[in-house]
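Open the model in your viewer and keep the sequence panel beside it. This tour goes stop by stop: what to select, then what is there.

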Amino acid sequence: ILFHESLDFIGLVHFIGIYALPPGQGTIPWKSVINGLLANGYEGSFDLEIACSDPSTVEASYREGKKYIENILKGTKEASL
């Protein structure tokens, strides 16, 4: 993924999967996306959007996606120590 050419124009990364699946489900390579951004100096914020057809699953889906992203970020920080 090529971020280095446009990184100066990226101020926010909005995570929403295909069909609004939480990160960690579906086919988007979130780890590669996040690592690519960070490896190229991205220091902006991340925003997680969850949309579910069943409102009773929104909170659990959000927590699942948030934990998935946090684990990637934690692994990235540990790898750079």
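This is a predicted model: local features need pLDDT of at least 70, side-chain atom pairs count only at pLDDT 80 or more; totals for chains, interfaces and linings use all residues.

**The whole chain**

Start with a cartoon view. The chain has two strands and two helices. Read from the N terminus, the order is β-α-β-α. Now colour by accessibility: 26% of the 81 residues are buried. Turn to contacts with a separation of 6 or more: residues 24 or more positions apart account for 72% of them.

**Salt bridges on helix α2**

Two salt bridges are counted. Select Glu 70 and Lys 66. Their side chains meet in a salt bridge, 2.7 Å from N to O. Both residues are in helix α2, and because they are four residues apart there, about one helical turn separates them. Is Glu 70 buried, partly exposed or exposed? Glu 70 has 39% relative accessibility, so it counts as partly exposed. Lys 66, at 36%, also counts as partly exposed.

Next, select Arg 63 and Glu 59. This pair forms a salt bridge too, at 2.9 Å, N to O. Arg 63 and Glu 59 are both in helix α2, again four residues apart, about one turn of the helix. Arg 63 has a relative accessible area of 55%, so it is exposed.

**Ser 61**

Stay on helix α2, which spans residues 58-79, and pick Ser 61. Ser 61 is at 12% relative accessibility and therefore counts as buried. What does Ser 61 contact, leaving aside its neighbours within four places in sequence? Show Pro 22, Ile 50 and Cys 52: these are its contacts.

In soluble globular proteins, nonpolar side chains tend to be buried together. To see such a group here, select Trp 30, Ile 34, Ile 69, Ile 72 and Leu 73. These five residues make up the largest nonpolar core. Helices α1 and α2 are the elements that give two or more residues to this core. The largest share, three residues, comes from α2.

Centre on Ile 72. Not counting residues up to four places away in sequence, Ile 72 touches Trp 30, Lys 31, Ile 34 and Asn 35.

**Val 13 on strand β1**

Move to strand β1, residues 12-15, and select Val 13. Is Val 13 buried or exposed? With 12% relative accessibility, Val 13 counts as buried. Beyond its neighbours within four places in sequence, Val 13 is in contact with Leu 37, Tyr 42, Ser 45, Phe 46 and Asp 47. Draw a distance from Val 13 to Leu 37. The two are 24 residues apart along the chain, and their C-alpha atoms are separated by 9.3 Å.

**Last stop: Gly 44**

Select Gly 44. Gly 44 sits in the loop that joins α1 (30-39) to β2 (45-48). Gly 44 has a relative accessible area of 30%, so it is partly exposed. Finish with one more distance, from Gly 44 to Ile 10. In sequence they are 34 residues apart; in space, C-alpha to C-alpha, they are 7.6 Å apart.

Definitions and conventions: Residues are numbered from 1 along each chain as its sequence is written. Side-chain values use heavy atoms; hydrogens and water are left out. Buried means under 20% relative accessible area, exposed over 50%, partly exposed in between (1.4 Å probe, protein chains only). Contact means heavy atoms within 4.5 Å. A nonpolar core is a set of buried Ala, Val, Leu, Ile, Met, Phe, Trp, Tyr and Cys residues joined through side-chain atoms within 4.5 Å. A salt bridge is a side-chain nitrogen of Lys or Arg within 4 Å of a carboxyl oxygen of Asp or Glu.
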